[in-house]
Structures are given as C-alpha cells and as structure tokens.
Amino acid sequence: MAFPYAPAIAPSLYFVARIGCFDQKVSLVGSHGEASAASFCVWSHAGRSDVVLERRKLKSVDTRIVENTQMKSSAEIEIPVSCYQLIGVPDRAEKDEIVKAVMGLKNAEIDEGYTTDVVAARQDLLMDVRDKLLFEPEYAGNLREKIPPKSSLQIPWSWLPGALCLLQEVGESKLVLEIGQTSLQHQNAKPYTDDLILSMALAECAVAKIGFEKKKVSQGFEALARAQCLLRSKPSLTKMTLLSQAWNTTLRMLVMVSRLKNLLKSLHLLAPWNY
C-alpha cells in the first residue's frame, strides 16, 4: 500500500534518527549551557510536533551534562602550589633531579599518625606530579621561552591530606597552615579533618623548631601552643606523642643555648682583651 505523504515524512524521520544517534556520541551543550541551534535543520514538510519533541530531548541531555560537570568540579580543589613546590625542587630543576626527588619522597617514611588513605593518596599524587613535570609543558614551564610553570594545581579532595603531608616534608610549613585553614572551612574537607589537622600541627612544630634555632624563644613557644590546640581539637589526636617529642627537643635546645651562653661568658672573662 502506498502512502501519499511518505516523501514528506521521510526527511523528518531521518533527522530524528540522526539526533538519536548523535545523542550518545557528542556533547550537545552550547556556549551558554543550552542546546545549540545548529542541532536543528530546516525542512519543509516536517510537523511542529517533531521539532518540539526533539527540543525537549536535547534540553534534558543538556541538563544532565551540566550537572555532571558541576559534580566533577565540586569533587576537586585548586591549591596555590606548583608541582615543583610539592616535591621540594627549584623551578629550574632538570628531569633527572625531578625523578630523583620523587623517588626519594616515595621511599621515605612519613610521620606517624596519618591514616592509610593518606599514604595511598601521597603516592598517587607523587606519580601524578612526576608525569606532569616530565610530559606536560603547562606545569613544567619553559625557561628558554620564559614561560613560568603553572602556579596552582587542581587535585581531588581525597588527595589534599597527601599534598599537605608532602608540603610538610619539604619544609613548606607556611603553605601547609594557609591551605589547611582555608580547606577546613569547606564541607568537602570533613572526611579528611583528622589528617589535615595533623599536618597543620606538624607544621606548627616545624615553625617552633625554626624559632628556637634562631633564638626566638617566645615565637617557638607560641607555635607549640598552637600545635597543642590543634591536636586537642580532635579527640582521636590527643594521644599523639608529637607534642612530647617537640617539648623534649625544645628543652634540649634550650639547655644547649644556656650552656653556650655560659661558655661564651667564661671565655670573655678569661680573655678580657677581646672586648
């Protein structure tokens, strides 16, 4: 049986079939988060119902893609740290220096108290940073062309404790404290609070040590007090031996400084002509 309207319907059906095929393979999101107008063709015999149906389908796909993008971005955090800083090497480090630094950190033992998740995240982050510096010019930069390395890094939230652990190991205590304080205000940081606070407490102990070495005793004790407050804020960290070790180190340093002062005084008394 022949259908008199078959030639008029055929282009419409063909277009609908093509849209269904493209729906699985390409993004249909335009520059403003809406279905692109280029997705619709103009034909002379198609009915309005077909166009309305296809527009509704396109808009539903668009919504799904936008939601997936938002979920992905909310699961990551951007930290103001370069890949070079994370492994403790200068921006001009050669590739062999980068590999050597990464391997050294990978085989190093981390401070006690971290969860096993931090250990795994730390290793994954190290491998990711190594690959970025070796194979991605955007992160490595280019000295000859005077292109600086990227000064920030976007990582999953689950890697953040590993990042602070690495920064603490390479002596970036200030960055650990700044990033830790900012991230703790975010909802996504809750599953990692204990490890983040531990990194911050370790950073304060490092600040205290530097203060005592520079004979800035008051600054050293202030940093130790801040570390104590951080550890006491989480019941799971109150039994840490970190503070007792820091206090013992502090007392030993103070005793050494006192003995050195007494030695200098005695030397001055024996040799007054040195004044």
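Me: Why is Ser82 called buried?

Reply: In this predicted model, Ser82 has a relative accessible area of 6%. Buried means under 20%, so Ser82 is called buried. Its place is in the loop between strand S1 (76–79) and helix H3 (83–87).

Me: Which residues does Ser82 touch, not counting residues up to four places away in sequence?

Reply: Ser82 touches Lys150 and Ser151. The criterion for such a contact is heavy atoms within 4.5 Å.

Me: Are Cys83 and Cys229 buried or exposed, and what makes them so?

Reply: Cys83 has a relative accessible area of 1%, which is under 20%, so Cys83 is buried. Cys229 has a relative accessible area of 55%; exposed means over 50%, and therefore Cys229 is exposed.

Me: How many disulfides does a search of the whole structure find?

Reply: The search finds zero disulfides.

Me: Why is helix H7 said to be largely enclosed by the rest of the structure?

Reply: Helix H7 (residues 160–169) has 10 residues, and nine of them are buried, so the helix is largely enclosed. Among the buried residues are Leu160, Pro161, Cys165 and Gln168. H7 is followed by Gly171, whose phi is positive, near 90°.

Me: Which residues touch the most other members of the largest nonpolar core?

Reply: They are Ile79, Leu86, Ile87, Leu125 and Leu153, out of 53 residues in this core. Helix H9 (residues 193–213) gives the most to the core, with 10 residues. Leaving aside neighbours within four places in sequence, Ile87 is in contact with residues including Ile98, Leu126, Leu133 and Val170.

Me: How much space lies in the largest pocket, and which residues are the closest to its centre?

Reply: About 360 Å³ of space lies in the largest pocket. Of the 20 residues that line the pocket, the closest to its centre are Tyr84, Ala93, Ala140, Gly141 and Asn142. Helix H4 (95–107), helix H5 (116–135) and helix H6 (137–140) each supply at least two residues of the lining, and the largest share, three residues, comes from H5.

Me: How do the residues of this lining divide into nonpolar, polar and charged?

Reply: The lining of the largest pocket holds 12 nonpolar, two polar and six charged residues.

Note on methods: Residues numbered from 1 in each chain as written. Predicted model: local features only at pLDDT ≥ 70, side-chain atom pairs only at ≥ 80, totals over all residues. Heavy atoms only, no water. Helix = DSSP H or I, 4+ residues; strand = E, 2+ residues; numbered from the N terminus. Buried < 20%, exposed > 50% of the residue type's maximum accessible area, 1.4 Å probe, protein only. 1 Å grid on protein atoms, 1.4 Å probe; cavity = no way out; pocket = protein on both sides within 12 Å on 5 of 7 lines; lining within 4 Å. Points joined across faces, edges and corners; volume = space filled by probe spheres on them. Nonpolar A, V, L, I, M, F, W, Y, C, P; charged D, E, K, R; others polar. Core = buried A, V, L, I, M, F, W, Y, C linked by side-chain atoms within 4.5 Å. Disulfide = S-S within 2.5 Å.
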